[in-house]
Amino acid sequence: MSERQIYFGNRGTSVLEDITECFTNNEEFEAVLGLFKHNQLNLEVSAKSITWEQTPALLLNMRNVTNLISLEKISAENRYKNAMLRTVSHEIRTPANAIISYVEEILQEYQTQIPGEVKKFVEIISTSSKHLLALISDILDYSRIIAGVFSVQKDNFEFRKLLDDVVILFEKQAGKKGIKLTKRIDKMIPKCIYTDPKRLTQVLINLLGNSLKYTNKGSIEVCAFINTKNFLEVLIKDSGIGIHENKIRDLFQLFGQVHSPQLGIEGCGLGLNISNLLVNHLGGGSIYVHSQIGKGSTFGFEIPMMESYVELEFEEDSAEPPLDITNHITVRNFECFRKDISESDVLVVDDDNFSRDIIGSILKRNGISFKEVSNGNDAIKSVSEAERKSKGFKVIVMDCCMPLMDGWQTCQKLMSLYNSRKIMKKPVIIGYTGNISSQDVQRCYDCGMVLYLSK
């Protein structure tokens with residue numbers, strides 16, 4: 001049976017007359033008549049011409065497609081949410097990253113010239129900006145978890161420094177309330193551990209922030225130690241108002257809140273729910289709580305961790321070290337290794353002026369020459385011009401989200417030019433993006449990028 005579209009009622013005849021003619025003059029003709037709503041159900045009605053006891057007949061079929069339509073609607077909404085998340089993540093992280101990076105530049109460039117009190121204020125701006133980025137991440141992470149696109153990005157880092165940075169963030173607030181904020185770290189915790197530092201920081205900020213919010217006097221203590229399962233366990237103890245036993249279960253529900261007439265505030269809405277989900281994704285089960293009304297609360301969690309060994313040594317007379325071990329450029333939480341990069345030209349491709357300035361200042365500080373362009377088309381032109389002058393770029397830092405031609409498309413175009421021998425030198429392309437989902441990272445590698453930077 002051939003498929004064709006039939007438009008009923010377009011010839012000056014009634015729909016019923018057209019339907020009757022189609023099924024009368026066509027053997028084995030079948031058509032979907034449409035969707036109808038009945039008692040909250042979506043019903044699809046189809047008809048097929050048949051022969052019944054040597055007499056032409058019409059077989060009507062009615063199918064309940066309510067669930068199918070709901071699934072299609074959910075799927076379309078999820079696609080929209082994922083696209084929105086990628087855009088929001090990039091657009092919000094870019095200016096936040098600019099604040100953090102400029103403050104770090106000030107601290108590095110003028111460290112000895114900044115008066116002690118001013119330096120402390122600048123450090124607070126830096127830590128608070130990172131806190132703001134973490135709060136933004138809470139909302140984005142929850143959406144990713146619900147959409148099923150959340151991923152953990154493990155890395156090597158110094159746990160003591162991470163915990164110090166989190167505690168420093170709340171020291172001034174605690175001081176204003178007359179609260180003693182202390183920390184105790186087990187000496188058995190190795191200097192460097194291997195887990196997701198960003199997610200761990202989010203959990204610590206949420207828990208410590210809640211403790212400070214609901215504590216008016218006394219103390220807050222942060223304890224970290226290695227437990228009997230060889231997991232990293234963290235406790236946050238406070239002398240706050242406490243939580244009634246029958247309210248503890250509600251803390252980790254979405255938008256679950258503890259009402260506090262004494263303090264005139266409400267809390268424990270989205271933060272604890274997300275923190276609990278993050279701990280679970282880090283492999284640690286759930287956050288646990290012990291609390292007594294009027295005496296305080298203890299929030300704790302445990303996560304698996306690995307001791308990290310990051311130092312590599314080479315003999316002086318050894319063969320040339322691998323490409324990814326030598327001279328490095330530090331860009332916030334990422335180290336990009338490249339041999340003899342100080343003697344090579346770098347092309348910076350980003351439509352955001354602040355991002356180009358930040359990368360440029362880092363390169364200048366390391367004595368590296370570079371050129372900057374604002375879109376993919378100009379990047380391709382610059383690479384082609386450098387080839388003609390026999391001075392091809394060895395490294396390209398490429399923003400992935402740009403108008404006209406995004407970084408992924410630009411990278412694919414450059415790889416195509418190299419494979420067709422239109423350019424002879426293959427540059428190392430490093431993705432630079434605020435989209436840190438596993439799908440977007442994989443997309444960086446699939447298009448030919450060798451590494452990526454997280455904004």
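How accessible is tyrosine 102: buried, partly exposed or exposed? At 31% relative accessibility, tyrosine 102 counts as partly exposed. The cut-offs: buried is under 20% relative accessible area, exposed is over 50%, and partly exposed is in between, with a 1.4 Å probe and protein chains only.

A word on the source. This is a predicted model, where local features need pLDDT of at least 70, side-chain atom pairs count only at pLDDT 80 or more, and totals for chains, interfaces and linings use all residues. Residues are numbered from 1 along each chain as its sequence is written, and side-chain values use heavy atoms, with hydrogens and water left out.

Now the aromatics. Searching the whole structure gives 2 aromatic pairs. Rings of Phe, Tyr and Trp (its six-membered ring) pair if their centres lie within 6.5 Å; planes under 30 degrees apart are stacked, over 60 edge-to-face, the rest tilted.

Tyrosine 102 pairs with phenylalanine 354: centres 6.3 Å apart, planes at 90°, so edge-to-face. Tyrosine 102 is in helix H2 (66-109) and phenylalanine 354 in helix H7 (353-365), so the pair ties together parts 252 residues apart in sequence. Helices here are DSSP runs of H or I, at least four residues; strands are E runs of at least two; both are numbered from the N terminus. Phenylalanine 354 is partly exposed, at 48%.

Next, tyrosine 445 and tyrosine 452. Their ring centres are 6.4 Å apart and their planes at 75°, so this pair is edge-to-face too. Tyrosine 445 is partly exposed at 38%. Tyrosine 452 is buried at 16%.

Valine 450 sits in the loop between helix H10 (438-446) and strand S20 (451-454). Its relative accessibility is 42%, so it counts as partly exposed. Beyond neighbours within four places in sequence, valine 450 contacts Val428, Ile429 and Tyr445. Contact means heavy atoms within 4.5 Å. From valine 450 to proline 427 is 23 residues in sequence and 10.0 Å in space, C-alpha to C-alpha.

Charges over rings come next. The test is NZ of Lys or CZ of Arg within 6 Å of the ring centre and within 35 degrees of the ring normal. Lysine 229 lies over the face of phenylalanine 231, 5.1 Å from the ring centre. Arginine 421 lies over the face of tyrosine 418, at 5.5 Å.

Last, cysteines. How many disulfides does the structure hold? It holds 0. For cysteine 444, the nearest cysteine sulfur, that of cysteine 400, is 3.8 Å away. A disulfide needs two cysteine sulfur atoms within 2.5 Å. Cysteine 444 is buried, at 1%. Cysteine 192 is buried as well, at 15%.
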